[in-house]
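User: Could you walk me through this structure? I would like to start with the ligand and then move on to the core and the backbone.

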Amino acid sequence: MTINQSGWRPEANADLAALQAMPATVTGNRGLMLEEALIFEIGATDRTGVDIATAPDVPSHLGGLSRDAAIGLPGLSEQETVRHYTRLSRQNYAIDLGLFPLGSCTMKHNPRLNEKVARMPGFADIHPLQPVGTVQGALAVIYELAEWLKALTGMAAVAMSPKAGAHGELCGLLSIRAALEARGDARKVILVPESAHGTNPATAAFCGYAVENIPATADGRVDLAALKARLGPDVAAVMVTNPNTCGLFERDMKNIADAVHAAGAFVYCDGANFNAIVGRVRPGDLGVDAMHINLHKTFSTPHGGGGPGSGPVVLSEALAPYAPLPVVKKQDDGSFLLVEEETAGDHHADGFGRMVAFHGQMGMFTRALAYILSHGADGLRQVAEDAVLNANYLLRSLDDLLDAPFGASGPCMHEALFSDADHGNGGLAEGFTTLDVAKGLIDEGYHPMTVYFPLVVHGAMLIEPTETESKAALDQFILALRNVAQRAKAGDEMLKGAPWYTPRRRLDETLAARKPVLVWEANTAAS
Ligand SMILES: *Cc1c(COP(=O)(O)O)cnc(C)c1O
């Protein structure tokens with residue numbers, strides 16, 4: 001296809017109108033796009049895909065707790081089951097299918113080498129309760145990865161077990177609370193900038209803290225003067241995302257940390273956007289006390305579709321004693337020891353407890369370490385550089401058409417932020433919204449960007465291309481987005497009905513979120 005950077009091709013949209021006039025099919029299928037009913041609709045409770053001998057009549061040991069009604073699960077043959085899930089999988093969007101521009105999510109390619117390593121039986125087939133002597137290799141992986149994370153962040157310690165970014169935030173704040181309690185200091189407030197990811201205030205509230213907002217400056221960064229004015233003996237910590245969710249580096253980070261420390265509080269850094277600075281900046285040098293690292297973002301372990309996350313938390317000297325157990329320790333003879341409650345001794349006696357039963361997401365540790373070792377220190381630095389380059393290429397390829405609220409203040413970091421505002425050549429047409437642009441992108445074959453976040457920008461569109469997209473892939477995405485944006489600016493009514501090409505059209509997302517129907521009931525289908 002010829003890439004026409006000017007974007008809108010009216011004839012493409014005329015084709016769309018013609019397509020809508022095409023006759024419906026009797027099956028609901030449209031070529032290779034197959035209509036698929038719910039498993040409850042195609043299965044039957046009196047059918048099964050397996051042939052099991054009738055169970056012998058044995059006395060029940062369930063003490064009256066056995067089920068007394070039919071369970072009602074639909075039965076399908078093996079072939080029906082395989083087809084059902086294969087058809088559904090074809091309706092999914094995935095990073096293996098195309099560019100996934102979801103801002104703040106770092107949807108990068110998942111190298112297949114990592115998958116190979118994670119599937120090695122020595123890692124995949126072991127159990128956390130095996131004797132330590134039989135899992136030395138797995139402990140070595142956890143230890144090696146921990147060493148890399150400490151080196152890359154310039155921090156003293158790391159808690160490996162948190163299972164997601166938000167879980168890491170919880171771990172960080174619990175460490176901070178333990179440190180404050182140890183000095184008999186019951187501080188009650190956590191300060192969070194306006195642009196923060198929703199998990200930050202949620203975590204603080206979950207830990208029992210009162211959450212207060214710090215305003216942003218006109219250039220999208222934390223207002224240092226406002227922060228300093230609010231600091232006091234009641235503030236336990238400040239949570240800052242760096243680079244922040246406007247795609248900007250918080251240049252005042254060191255000054256923020258100095259002021260926070262002078263007030264006796266701690267600095268929590270949300271490290272979800274570490275991809276933009278890995279190998280270039282060590283958060284420890286900026287005065288950070290705790291920071292989670294999303295292995296599923298920066299270190300390419302698969303995510304999306306609810307796949308497992310992993311959110312190790314690096315900790316400063318001041319917080320290291322309060323880290324949760326377990327910890328993998330290397331002994332003088334080169335073997336690995338698991339430091340748990342009964343082995344903890346003095347050094348870990350102040351740890352606040354455990355985040356999880358065992359060690360965290362082992363499958364993500366193997367993948368992340370494979371990623372780190374295959375890139376090496378120089379390769380990781382290039383990851384950050386290329387991610388930033390790609391985001392700036394997008395920013396400058398679109399900012400003549402869409403308002404880039406912080407575009408004038410210089411280059412962005414890992415993601416480009418746009419709004420629905422007028423910026424000289426008109427905003428979106430009357431009645432057209434960011435949502436219409438997002439839905440139009442689906443027809444063009446893309447997962448939409450993050451929309452309406454961060455909240456500090458009206459009608460936000462947050463795009464993170466990551467370093468793994470080629471220039472050709474970026475050009476094609478730019479073409480698609482320019483086309484859709486021009487249609488939204490020109491008031492193309494067809495766009496209000498997008499997406500047209502998906503199995504289901506525009507859904508009532510508010511109703512789905514507020515009143516989700518999560519339980520199958522036969523009469524729901526009949527009505
Ligand atoms: C992704 C993200 C989180 C939460 O991480 P999860 O792994 O999804 O729990 C927190 N903050 C920011 C800025 C993020 O992008």
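**Ligand, core and backbone**

Analyst: To start with the ligand, one of its oxygen atoms is 2.8 Å from a polar backbone atom of Ala166, where a polar contact is a pair of N or O atoms within 3.5 Å, and within protein one must be able to donate a hydrogen and the other to accept it, with residues adjacent in sequence counted only if both atoms are side-chain atoms. Taken alone the ligand exposes 380 Å², of which the protein buries 86% (Shrake-Rupley method, 1.4 Å probe; for residues, only the protein chains shown count as cover). This is a predicted model, in which local features need pLDDT of at least 70 and side-chain atom pairs count only at pLDDT 80 or more, while totals for chains, interfaces and linings use all residues. Residues are numbered from 1 along each chain as its sequence is written, and side-chain values use heavy atoms, with hydrogens and water left out.

User: Which residues are the closest to the ligand?

Analyst: The ligand is surrounded by 14 residues, and the closest are Ser104, Gly165, Asp270, His296 and Lys297 (a heavy atom within 4 Å). An N or O atom in the side chain of Ser104 is 2.7 Å from a ligand oxygen, and a backbone N or O atom of Gly165 also lies 2.7 Å from an oxygen atom of the ligand.

User: And which helix gives the largest share of that shell?

Analyst: That is helix α7, residues 165-182, with three residues (helices are DSSP runs of H or I, at least four residues, and strands runs of E, at least two, numbered from the N terminus).

User: Switching to the core, how many residues does the largest nonpolar one have?

Analyst: The largest nonpolar core has 58 residues, and Leu145, Leu149 and Phe299 have the most contacts inside it (buried Ala, Val, Leu, Ile, Met, Phe, Trp, Tyr and Cys joined through side-chain atoms within 4.5 Å; buried is under 20% relative accessible area, exposed over 50%, partly exposed in between, with a 1.4 Å probe and protein chains only). Helix α11 gives the largest share of this core, 10 residues.

User: Where does this core lie relative to the domains?

Analyst: It lies between domain 1 (113-369) and domain 2 (377-514), because both give residues to it; the bounds come from an automatic or database domain assignment.

User: Which peptide bond is cis at Pro243?

Analyst: The bond joining Asn242 and Pro243 is cis, with omega about -5°, and Pro243 sits in the loop between β4 and α10.
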